Every structure is written in structure tokens, then in C-alpha cells.
Amino acid sequence: MTYDDVKVGDELATHVSAPISRHVLALYCGASGDHNPMHVDIDFARKFGMPDVFAHSMLSMAFLAQLLTQWVPQDRIRHWGVRFVAITPVGAQVACTGRVVEKFEVEGEKCVRLDINARTDAGLHTLAGDAVIALP
Amino acid sequence: MLDKSFIGFETGARSVGVEAGQLKFFAKATNETNPIYFDEEAARAAGHPALPAPPTFLFCLGTMAPGDENVLGKLGVNIGRVLHGEQQFTYLKPIYAGDTITLKTRISDIYDKRGGALDFIVQDTDATNQDGEKVGISRTVIVVRNG
């Protein structure tokens, strides 16, 4: 896929995660080094006014990263970022979507900007952001 | 409200090794299906010298790096009250298993919203590899729920 193959408005193939079980949260806690008990210890979560544990923000961002690396090799990603707009509850399946919104050149390098989003299977919008991808 | 005099505060350098086993564990936890992220042979066949760290792993290196300079602790923030507000990455070079990454974090901004009900802490982390090459920048915005 080259810069010329891509048009503004093109959509990436939606990437849907498996349901985020408590087991997945335990694995991600260990694998990511994020040992905040809020994501794995319901007693701790309740103590701080949350009804239950909830998914790590960065787990959903890892799913969004997979959306990008399924589209291009990772070394094409120049810059990307997200806002975490809602907490992702336990059990949710996360659907990651991306759409080309801009084509431009930076210092002689051809790039596209993607609008990227994550939503749960219950329709909750959880992550919103953009990514700058260099294309040959 | 947090002490805004911490704006500009920089941590000391923290170094962390990128371990192949940790990358494989991360691939399992995130249900990664692309074998270049968990199978050395597949990674080499795709032209990589070792397993590549996936895009968000730079953030994980920050949580894994040893160091007693806990920025949130210094600010007196209780971890039960924090939420991750924003996250950005800029990449300059790939990170591979076997690399040693050195991280330096600075507090770029502290501000509040809703009359102090929410505090925001903006942290920028520069990452450099064992060859002294800057590999990336991670920006994290933490939200603190007060009251």
C-alpha cells in the first residue's frame, strides 16, 4: 500500500478485541507492569468509590495499536495519541476503528492522518484520537 | 489542588532492560496475533534483529523501570484517585528485545478544572537506547479526582 493508494475517507478494517475478562486484566497487570490494584482488586476499587474494577486504559490503547499494525508495519507510525473519554468496564469487547482524514507531506515525507476510536460492544465511546502514518 | 511549583520537575534517569519474555507475556495479555511480536523466527523473517516492542510498550517500560522517584507520590497523589486522561507517543527508532532504555520524565504542566475538583498532571518522558539514540517520547496526562 502506498500513499497514492490511500484516499481521504478510507476506513481501516475494524479490529475487535476478545471480551475483557477479569483474567485478561490479571494478565495485563503482570504483562504491562501496571500494578494499580484498581484493575484487579474489587475491594480496593470499592474503597475508592468505584462499583467494580475496570480495564486498564492502556489495554484498550494496545488494541488500537493492533488496529494500526494490522494496517501498516509499526515503523510507519510517526506519532499518535488518544484521549480516554470513558472507563472501559469488565467484560466489554472493544471495537477499534480508523479512518483517513488527511494526506500531507512533512519534511518531504508523505503522511496520512487517521482519526481513531474505540467503542465497547455496548456502544460506549472509550478512546478518541489520531495517528500520523508515513506511507511510501 | 496540587502544588504547581512541581511544573518543570525532572526525575533522574531510570534504565530498564527490554526482555523478550516480557514482550511475549504482553503479546499474550493483549491477544496479539501477529507472530513478529512473540516469535523470534517470525520477527527475523520480517527483517527485525529481535522481537520488536509493540507501540504502547514504551509506556510499560516507564512503569517497569526501577527508581524511587515516584512522581505521583512526590505530588501527594493517592493512586486510588487517578485516571489516565490522555496518552501520546512519538517514535524515532524501533525498540527491540535486548535493548536497555533510559527514561527521563519531566512534569510539563499541572492545571485544574471544575473549580479544583479535577487536577491534571502532564508528564513527558524521553526514551534513549543503549547507543544513546533517542527512540521515542511518551506524553501522559493523569487526572486526579479530588473529593
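Two residues are in contact here if their C-beta atoms, placed from the backbone, lie within 7 Å. By that criterion, among the contacts in chain A between residues at least 6 apart in sequence, 67% join residues at least 24 apart. The structure is a predicted model, in which local features need pLDDT of at least 70 and side-chain atom pairs count only at pLDDT 80 or more, while totals for chains, interfaces and linings use all residues. Residues are numbered from 1 along each chain as its sequence is written, and chains are lettered from A and ligands numbered from 1 in the order in which they are written.

Chain A contains three helices and five strands; these are DSSP runs numbered from the N terminus, with helices being H or I of at least four residues and strands being E of at least two. Their order along the sequence is β-α-α-α-β-β-β-β. The C-alpha trace of chain A spans about 55 × 30 × 20 Å along its principal axes. Of its 136 residues, 35% count as buried. A residue is buried if 20 or more other C-beta atoms lie within 10 Å of its own, exposed if 12 or fewer, and partly exposed in between.

The strands of both chains belong to one sheet. Strands of a sheet pair through backbone hydrogen bonds, either parallel or antiparallel. In this model two strands are taken to pair if DSSP finds at least two bridges between them.

Within chain A, β3 (residues 94-106) and β4 (residues 109-120) are joined by 12 antiparallel bridges, and K103(A) stands opposite V112(A) in β4(A). Two residues lie between these strands in their hairpin, where E107(A) takes a positive phi near 45°. On its way to the chain boundary the sheet continues with β4(A) and β5(A) (residues 125-134), which pair in the antiparallel sense over nine bridges. In β5(A), C111(A) has A134(A) as its bridge partner, and N117(A) stands opposite A128(A). The hairpin of β4(A) and β5(A) has four residues between the strands, and G123(A) takes a positive phi near 90° there.

The sheet crosses from one chain to the other at β2(A) (residues 77-84) and β2(B), which pair in the antiparallel sense over five bridges. The partner of W80(A) in β2(B) is F89(B). The contact as a whole takes 34 residues from chain A and 28 residues from chain B. On the side of chain B that touches chain A, α1 (20-29), α3 (57-64) and β2 (82-91) each supply at least two residues, and β2(B) gives the most, with eight. That side divides into 13 nonpolar, 11 polar and four charged residues. In this count Ala, Val, Leu, Ile, Met, Phe, Trp, Tyr, Cys and Pro are nonpolar, Asp, Glu, Lys and Arg are charged, and the others, Gly among them, are polar.

In α1(B), the residues Q22(B), L23(B), F26(B), A27(B) and A29(B) are buried. They lie on the same side of α1(B) because they cover an arc of only 165° around the axis, the arc being that of the directions from the helix axis to the C-beta atoms. The buried residues of α1(B) pack against α1 (22-32) of chain A together with α3 of chain B.

In soluble globular proteins, nonpolar side chains tend to be buried together. A nonpolar core is a set of buried Ala, Val, Leu, Ile, Met, Phe, Trp, Tyr and Cys residues joined through C-beta atoms within 7 Å. The largest core has 54 residues, of which F63(A), L64(A), L58(B), L61(B) and I101(B) touch the most other members. Its largest share, nine residues, comes from α3(A). Not counting residues up to four places away in sequence, L64(A) touches V82(A), C96(A), I116(A), A118(A) and L127(A).
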